[in-house]
Amino acid sequence: MHTKTVLRNARLVSGLILMVFVTGHLANLALGLHSLATMEAWRATLVGHWQSPGGRLLLGAAALLHALLGLYAMAARRSLSMSRTDWVQLVLGVLTPPLLISHVLMTAVASEIASDYEPSYGFVLAIYWSIAPAYAFLQLFAVMFVWVHAALGLYSWLVLKPVWGRVGGFVLPLLFAVPIAALLGFAESGKEVIGKLAADAEWRAQILESAARIDQVRAQLDAIQGRVLLAYGCLALLAIGIFPARILRARLPRVRVAYDGGPVAQGRRG
């Protein structure tokens with residue numbers, strides 16, 4: 001099998017794995033339209049399997065592979081001639097990892113390095129809506145960027161296949177409904193959390209205790225975030241720099257065209 005085909009298939013499979021995870025996560029958020037308790041009750045069913053060692057390994061490998069292959073695809077391009085859809089998907093794909101890193105650190109990494117810390121929807125929503133509301137806007141953009149990038153990728157892959165005629169009428173509404181329901185659930189559960197913080201002193205104390213555990217490992221989390229962002233930034237700049245370098249390398253050599261019994265023309269490729 002051709003190398004390009006292997007890389008394209010690997011990028012597709014890793015993207016589909018990530019989309020399955022994101023879909024379950026957003027479906028769990030949508031349950032916030034009912035109540036915070038419903039979100040917690042369904043968490044194990046919708047996203048709990050990703051918390052197992054095997055699930056974390058698969059998810060982490062898929063995320064790393066998809067990001068690296070995305071940067072490679074950008075560096076390997078031969079021109080800037082792309083549709084608006086491709087441009088949107090490319091830009092969102094580059095911007096998404098930095099937006100998600102803080103959420104990953106607080107929910108996954110912190111639970112590994114902080115003693116007696118177990119993130120819950122109540123705690124995360126309290127952080128977003130009360131303790132550090134700036135993170136709520138960060139997550140809003142993260143959800144939008146991740147889902148639009150994933151939806152465009154899924155649509156571009158399926159629309160050219162014969163099966164699209166049978167599933168398109170079902171898939172397209174879902175691509176719009178899932179993020180809208182998740183954002184509405186995020187807002188509704190946020191209102192419930194704010195009310196619960198004001199009315200339930202014991203629960204508020206538990207939330208503040210969890211926040212204190214995060215503060216204890218804040219320096220470690222910030223250091224990890226700094227290293228990850230630095231590494232990703234260097235790789236992104238390298239990919240962006242390789243693209244024009246390849247274009248210049250291809251066009252700088254001069255081409256000589258000789259006509260039989262006539263003049264000789266010289267110029268650059270392109």
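Helices here are DSSP runs of H or I with at least four residues, numbered from the N terminus. The model you have open is predicted, so local features need pLDDT of at least 70 and side-chain atom pairs count only at pLDDT 80 or more, while totals for chains, interfaces and linings use all residues. Residues are numbered from 1 along each chain as its sequence is written, and side-chain values use heavy atoms, leaving out hydrogens and water.

Select Glu 40 and Arg 43 to start. They form a salt bridge (a side-chain nitrogen of Lys or Arg within 4 Å of a carboxyl oxygen of Asp or Glu), with the closest N and O atoms 3.5 Å apart. Both sit in helix 2 (residues 36-46), and because they are three residues apart, about one helical turn separates them.

Next, go to helix 8 (residues 201-216) and pick Glu 209 and Arg 213, which lie four residues apart. Their side chains meet in a salt bridge at 2.7 Å, N to O. Is each partner buried (under 20% relative accessible area), exposed (over 50%) or partly exposed (in between; 1.4 Å probe, protein chains only)? Arg 213 is buried at 18%, whereas Glu 209 is partly exposed at 43%.

Finally, select Leu 33, Tyr 155, Leu 172, Phe 176, Ile 180 and Leu 184, a group of nonpolar residues on the surface with about 590 Å² of accessible area together. Leu 184 belongs to helix 7 and is partly exposed at 47% relative accessibility.

Note on methods: Patch = residues over 30% accessible without salt bridge, like charges linked within 9 Å, V, L, I, M, F, W, Y side chains within 5 Å. Areas by Shrake-Rupley, 256 points an atom, 1.4 Å probe, with all protein chains shown as cover. Helix = DSSP H or I, 4+ residues; strand = E, 2+ residues; numbered from the N terminus.
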